[in-house]
Amino acid sequence: MTSRTVTKGILVVIEGIDGAGKSTQARMLYKDLCRRNIPAIFSREPTDSIYGQKIRALAEKGRESIKPEEEYRLFINDRKAHVSNLISPALEAGKVVVLDRYFFSTIAYQGALGLDPERIRAENEAFCPLPDAAFLIDIPTKVGIDRIKNQRNETPNLFEKEQYLEKVARIFASLDDEFIIRIDGKSAVAEVHQCIRTHVDTLLKKAVSGSG
Ligand code: TYD
């Protein structure tokens, strides 16, 4: 299993259901690190790899057209490329890696489609560096759906339907790794950002003092 001790960088993951505000927060954190001249990269999943492109194309057509297991394989292949091409090299180079979604999304979203969350976790942990912090931005499902409808002017697709997202949220709520930090996503954007920043600054201080 990959361990965080082999890397020099810091892996920060932002997770949550659709509409939780994780993309906004991940970008805010990344910009804040850049402004402070802290070497950082930002990335998101699904990525733009051939697998990620397939996932996005399926999302537009309707994900009903693919079996959960096949879709799961696409997410795994996408992540394998992401880890080896971008995440691991950046961590080896000592950077802060900010991710908008990671394997906790697979545990929650593909788990909510009926796949075994523990199997998903085991398969991912076999090749994924574990995060130093995984922020779970928590909002009621209805709030997420309303935000998607109002702010993005989108009709929630299959992946964003309320019942499905309820299941996803329940799995997110059941995660209890020591690196998970839950944040109330109903708070103001600036407040959520401040909370994330405070935690990341603690990690940075630990890394500098060599105790982390
Ligand atoms: P999302 O980040 O919401 O994309 P966008 O910025 O285009 O809104 O991700 C797209 C969808 O993919 C989202 O509904 C969650 C889903 N997803 C999974 O089902 N499993 C995964 O492992 C990941 C990373 C995402």
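Tutor: By class, the shell around the ligand has nine charged, four nonpolar and three polar residues, where Asp, Glu, Lys and Arg count as charged, Ala, Val, Leu, Ile, Met, Phe, Trp, Tyr, Cys and Pro as nonpolar, and the others, Gly among them, as polar. The model is a predicted one, in which local features need pLDDT of at least 70 and side-chain atom pairs count only at pLDDT 80 or more, while totals for chains, interfaces and linings use all residues. Residues are numbered from 1 along each chain as its sequence is written, and side-chain values use heavy atoms, with hydrogens and water left out.

The ligand is surrounded by 16 residues, of which Asp18, Arg101, Thr106, Tyr109 and Gln110 are the closest; a residue counts as near if one of its heavy atoms lies within 4 Å of the molecule. Both α3 (68–92) and α4 (103–111) supply at least two residues of this shell, and α4 gives the most, with four; helices (H or I, at least four residues) and strands (E, at least two) are DSSP runs, numbered from the N terminus. Oxygen atoms of the ligand lie 3.0 Å from a polar side-chain atom of Arg101, 3.2 Å from an N or O atom in the side chain of Arg79 and 3.3 Å from a polar side-chain atom of Arg44. Of the 550 Å² that the ligand exposes when taken alone, the protein buries 86%, with accessible areas from the Shrake-Rupley method and a 1.4 Å probe.

Helix α3 also packs against α2 (residues 50–61), at an angle of about 145° and with the axes 8 Å apart; axes are lines fitted to C-alpha atoms over the stretch in contact, and angles run from 0 to 180 degrees between N-to-C directions. In this packing, Tyr51, Gly52, Lys54, Ile55 and Leu58 of α2 meet Leu74, Phe75, Asn77 and Asp78 of α3, contact meaning heavy atoms within 4.5 Å. By class, that contact has five nonpolar, two polar and two charged residues.

Two backbone details remain. Asn37, in the loop between α1 (22–35) and β2, has a positive phi of about 60° although it is not a glycine.

Key: Polar contact = N/O pair within 3.5 Å; in protein donor to acceptor, adjacent residues only side chain to side chain.
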